[in-house]
Amino acid sequence: MSGDPQHEPRGKNGRAPDVLRVGGWMPMREYPQNEAVDFAIVGTGAGGGTLACRLAEKGFKVIAFDAGAWWRPLEEFASDESHQKKLFWTDERLCDGEDPIKLGNNNSGKAVGGSMVHFAMVSLRFRPEWFKSRSILGYGADWPIDWREMWRYYRIVENALKISGPVTYPWGPKRGRYPYRAHELNAAAMVLARGAEEMGIAWSPTPLSTLSAPRGLAHPCAYRGFCVSGCSTNAKQSTLNVWIPRAVKAGAEIRDLAMVGRVAVNEAGLCTGVDYFREGRWQFQRAKHVVVAGYAIETPRLLLLSANGRFPEGLANSSGLVGKNFMVQSNQAVWGLMDEEIRAYKGPPSLAITEHWNYADKGKDFFGGYAYMSQGPLPVVWTLTQTKRGLWGEALLKEMQHYNHQVGLKMVGETLPQERNCITLADEKDAYGLPIARVTHAYCDNDRRLIEHALDFMGKALDAGGAKDIWRETDDTCHLNGSARMGSDPRTSVVNADGRSWDIPNLWICDGSVFPTVGGVNPSLTIQAIACRTADRIGVLAARGEL
Amino acid sequence: MTNNRMRWAGIACILAGVAATAAVMERPQQRRLCKRARQVHIETSRAFNRSSALLAGSVLADSAMEHYRGSFSNPVMYVPPLVATFSILAGLHGGADRHAQTHTVRHAIYWGAALTGLAGTGFHVYNVMKRPGGWNWNNLFYAAPMGAPTALLLSGALGAAAERLRNQPARAPRLLGMPAGRALGLLSGIGLAGTAAEAWLLHFRGSFQHKAMYAPVSIPPAASALLLHAALTSPQPRWLARVMLRMTWLVGWLGLAFHVRGVARHHGGWRNWSQNLFNGPPVPAPPSFAAMALAGLAALRLREREPR
Ligand SMILES: Cc1cc2nc3c(=O)[nH]c(=O)nc-3n(C[C@H](O)[C@H](O)[C@H](O)COP(=O)(O)OP(=O)(O)OC[C@H]3O[C@@H](n4cnc5c(N)ncnc54)[C@H](O)[C@@H]3O)c2cc1C
Ligand code: SF4
């Protein structure tokens with residue numbers, strides 16, 4: 001082991017940490033700052049990390065920057081929720097609006113590998129109709145990509161991550177078999193299953209990005225349930241231990257602890273590189289293309305921060321839509337108690353799922369859909385959930401004694417894109433001296449109806465599953481998307497289907513911000529599929545001389 | 001968890017395994033002697049006794065571990081390891097016994113094992129059916145396994161067949177109203193196919209992540225098919241069946257080695273044996289192929305010598 005990864009960069013001196021071996025290193029190519037690399041990518045998460053890998057594998061010269069540290073899971077991930085806060089993006093941000101969201105552990109990560117380092121591994125495909133939700137379903141906006149093409153890329157990502165999923169999936173068009181078999185269900189998942197069967201709807205083991213059998217040096221899942229605090233066995237297949245090692249092997253350079261503060265643009269209106277802060281000073285890397293992949297808050301923030309005389313409203317912003325149409329997903333839950341011990345924290349948190357209300361269109365008084373999953377909150381998160389409910393002192397103590405018996409169902413619900421939900425710059429500055437992001441959020445009536453429907457249905461299903469003393473957690477959100485949407489019209493979108501900005505041809509966006517709509521499933525599989533597609537498109541454009 | 005109890009259970013399992021293996025090892029010196037002095041059907045009986053013991057060894061280790069994992073939550077969960085132990089003892093005894101006569105106690109033990117296996121299968125089916133989803137893949141993978149109690153049933157059946165064969169005349173012995181070679185060929189052929197089916201289910205669960213995982217779902221089924229063919233067609237030398245059965249025997253022992261290595265691939269490896277023995281591939285399972293191969297080879301030997 002070497003030094004403190006939060007203070008001393010690890011991707012240096014021609015080598016990178018080999019996260020699959022204790023104390024291991026692997027050679028890494030390094031590019032000089034004054035050489036214009038083909039692609040400078042800001043962010044190494046689901047979007048940036050995947051893209052860096054696929055571009056490097058196509059032979060492009062790539063540098064990917066991440067503000068976060070390059071962790072070694074086998075050595076540095078403790079079974080301690082508080083300690084593992086080190087994975088989250090906790091830099092200052094302002095949240096306002098009618099329904100201000102809470103930022104921190106449930107939304108965004110700051111590490112090489114991005115939020116996937118501590119994501120819950122739920123790996124779902126969009127419902128095909130959602131790619132044309134405006135024209136087919138009558139709400140939101142159409143994607144400029146056909147679902148069949150996306151399904152091809154989903155397959156590629158599922159294979160890359162060796163997703164463990166059910167032999168047959170109950171919803172949507174037929175899909176190929178998941179590369180690994182689904183995991184054993186824990187008692188909490190059984191409650192969801194029993195409830196669903198009682199309610200007469202389908203349920204399924206959740207397709208998860210954690211190994212149900214060994215894979216190379218990565219161990220299979222040990223069912224300890226620490227997933228959202230970072231997986232110390234490498235069973236979780238993430239950007240950190242799949243895409244990034246592949247990227248490095250293919251010749252990409254990853255610069256950790258490197259915060260990009262500005263994308264530089266010349267007189268001709270083209271990007272020339274990025275300004276970044278690393279090892280105590282601001283530095284400049286030249287690049288022929290810049291890809292912003294900082295997730296739905298940091299991406300628009302960086303585009304706005306990079307405003308200059310030529311683009312006073314921020315980069316790629318001729319539509320005025322940078323930062324607009326920011327979407328969360330509703331993440332409300334119902335909780336209850338079972339007579340028998342459940343110990344819901346055993347195993348990955350969301351082992352069973354129903355997507356019934358994503359695919360059913362009848363019996364709804366709202367647009368959009370939602371999935372709900374079984375839950376396994378760790379003690380600290382569970383305590384916070386209880387204090388949010390107003391419990392304290394004796395009452396809290398009493399409630400916590402039921403920890404081993406509690407069981408719950410949590411939704412991932414679609415919210416509609418609204419221009420008033422947006423990311424803007426605040427006056428306050430962060431540690432780097434850069435204006436911080438202001439996140440404005442409010443639900444619309446449709447969102448509220450969807451949430452009410454979900455809470456009502458989940459309550460009944462939990463009751464049918466055998467739980468008692470059921471109560472609702474009404475105010476959680478998860479997953480950040482939108483804020484730099486893709487589309488087929490420069491007036492109503494920021495980038496095209498390839499993630500290329502309409503305004504600056506060598507500026508690209510590749511992360512959750514390009515989503516025109518969010519659907520009712522967790523987004524990272526879609527983000528990675530888009531990244532793979534973007535890489536292929538870049539390959540095609542380069543071959544045609546259209547880069 | 002009491003570590004001590006675990007350790008004793010572990011040691012007991014290992015001892016039982018070693019004893020079973022030692023018992024079934026054929027000593028060539030002795031064999032040649034036997035060939036001259038004894039009748040072939042007694043040799044076959046003894047091979048079946050040994051095979052039954054080895055299979056029971058697998059069952060003992062497996063059921064002791066798995067039911068320990070299930071905290072012996074139902075007292076009947078003590079029964080299979082106990083019965084398997086008796087089955088091993090009977091097999092050891094029968095393997096050394098050259099008498100041309102059914103041994104009543106052994107015979108009774110074998111029937112007990114077979115019935116326990118049958119009841120166990122019933123329990124396990126019930127366990128699968130009462131879970132949400134019922135007869136679905138996830139339950140077949142992770143609920144009480146079908147294959148385990150059937151192995152006990154099979155061990156009992158092999159032993160009982162051995163005992164009944166001893167009472168038959170040396171010339172043209174018969175079982176279940178057919179030539180003994182045919183009956184035993186069918187029994188071991190079907191048993192082998194069942195064992196392979198279980199390996200397929202569990203290796204499918206493991207997504208065939210290692211190439212070697214294809215071996216037990218290709219070689220033993222081929223051996224089983226050839227053996228069944230030999231049993232059903234007119235008797236004659238079947239070298240290919242013999243080769244495949246010997247390879248099946250090898251698959252069993254190599255499988256053991258692969259499973260030992262498979263445990264090491266779990267987080268913490270063998271240093272964390274008290275957890276990884278349960279999470280990893282079942283170490284005692286593959287030798288059941290060796291057991292079935294032993295039975296199959298003995299049945300084939302008998303079959304090849306039966307009158308046309
Ligand atoms: C607790 C939790 C559970 C989740 N569970 C699931 C799940 O089960 N399934 C699912 O599909 N999704 C899940 N998600 C969401 C998923 O992780 C994200 O949607 C996905 O990782 C977003 O990908 P991204 O590339 O847009 O951003 P990220 O993966 O967040 O990557 C962005 C990276 O960019 C870096 N960065 C940002 N700005 C800069 C800058 N200016 N300079 C340098 N670096 C920068 C950040 O440090 C970060 O590492 C979960 C998220 C959380 C927080
Ligand atoms: S439960 Fe599995 S995926 Fe989650 S942290 Fe543990 S080993 Fe990793």
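# A guided tour from chain A to chain B

The residues of the shell around ligand 2 divide into eight nonpolar, three polar and one charged. To see them in this predicted model, select M121(A), T210(A), C221(A), A222(A), Y223(A), R224(A), G225(A), F226(A), C227(A), C231(A), T233(A) and P348(A), which are the residues around ligand 2.

Next, colour residues 109-328 of chain A, which an unreviewed UniProt entry annotates as "domain: Glucose-methanol-choline oxidoreductase N-terminal". Over residues 109-328 the chain is 25% helix and 17% strand, and the C-alpha atoms at its ends lie 15 Å apart.

Then give another colour to residues 417-531 of chain A, for which UniProt, again in an unreviewed entry, lists "domain: Glucose-methanol-choline oxidoreductase C-terminal". Over residues 417-531 of chain A, helix makes up 24% and strand 24%, while the end C-alpha atoms are 22 Å apart.

Two packed helices are described by the angle between their axes and the distance between the axes.

Select helix 7 (residues 147-166) of chain B together with helix 8 (residues 180-205) of chain B, and you will find that they pack at an angle of about 165°, with their axes 11 Å apart. Because angles over 145 degrees count as roughly antiparallel, helix 7 of chain B is roughly antiparallel to helix 8 of chain B.

Show the side chains where they meet: helix 7 of chain B contributes G147(B), A148(B), L154(B), A157(B), L158(B), A161(B) and L165(B), and helix 8 of chain B contributes A180(B), L184(B), L187(B), G191(B), T195(B) and E198(B). The residues of this contact between helix 7 and helix 8 of chain B divide into nine nonpolar, three polar and one charged.

While helix 7 of chain B is on the screen, pick out A151(B), which has its place in that helix. Leaving aside its neighbours within four places in sequence, A151(B) is in contact with L55(B) and V59(B). If you also label S288(B), you will see that its C-alpha atom is separated by 8.3 Å from that of A151(B), although the two residues are 137 residues apart along the chain.

**Helix 12 of chain B and its partners**

Select helix 12 (residues 287-304) of chain B and helix 9 (residues 219-232) of chain B, whose axes come within 11 Å and cross at roughly 25°. That angle makes helix 9 of chain B roughly parallel to helix 12 of chain B, and the two pass in a left-handed crossing. The contact joins P220(B), L227(B), A230(B) and A231(B) of helix 9 of chain B with F289(B), G296(B), L300(B) and R303(B) of helix 12 of chain B. Among the residues of this contact between helices 9 and 12 of chain B, six are nonpolar, one is polar and one is charged.

The contact includes W249(B) and W253(B) of helix 10 of chain B, and A290(B) and L297(B) of helix 12 of chain B. The residues of the contact of helix 10 with helix 12 of chain B divide into 12 nonpolar, three polar and three charged.

Note on methods. Residues are numbered from 1 along each chain as its sequence is written. Chains are lettered from A and ligands numbered from 1 in the order in which they are written. This is a predicted model: local features need pLDDT of at least 70, side-chain atom pairs count only at pLDDT 80 or more; totals for chains, interfaces and linings use all residues. Side-chain values use heavy atoms; hydrogens and water are left out. Axes are lines fitted to C-alpha atoms, for helices over the stretch in contact, and angles run from 0 to 180 degrees between N-to-C directions. Helices (H or I, at least four residues) and strands (E, at least two) are DSSP runs, numbered from the N terminus. Angles under 35 degrees count as roughly parallel, over 145 as roughly antiparallel, 65 to 115 as roughly perpendicular and the rest as oblique. A crossing is left-handed if the near helix is turned anticlockwise from the far one by less than a right angle, and right-handed if clockwise. Contact means heavy atoms within 4.5 Å. Ala, Val, Leu, Ile, Met, Phe, Trp, Tyr, Cys and Pro count as nonpolar, Asp, Glu, Lys and Arg as charged, and the others, Gly among them, as polar. A residue is near a molecule or strand if one of its heavy atoms lies within 4 Å of it. UniProt positions are given in the numbering used here, feature names are shortened, and annotations may be inferred rather than shown by experiment.
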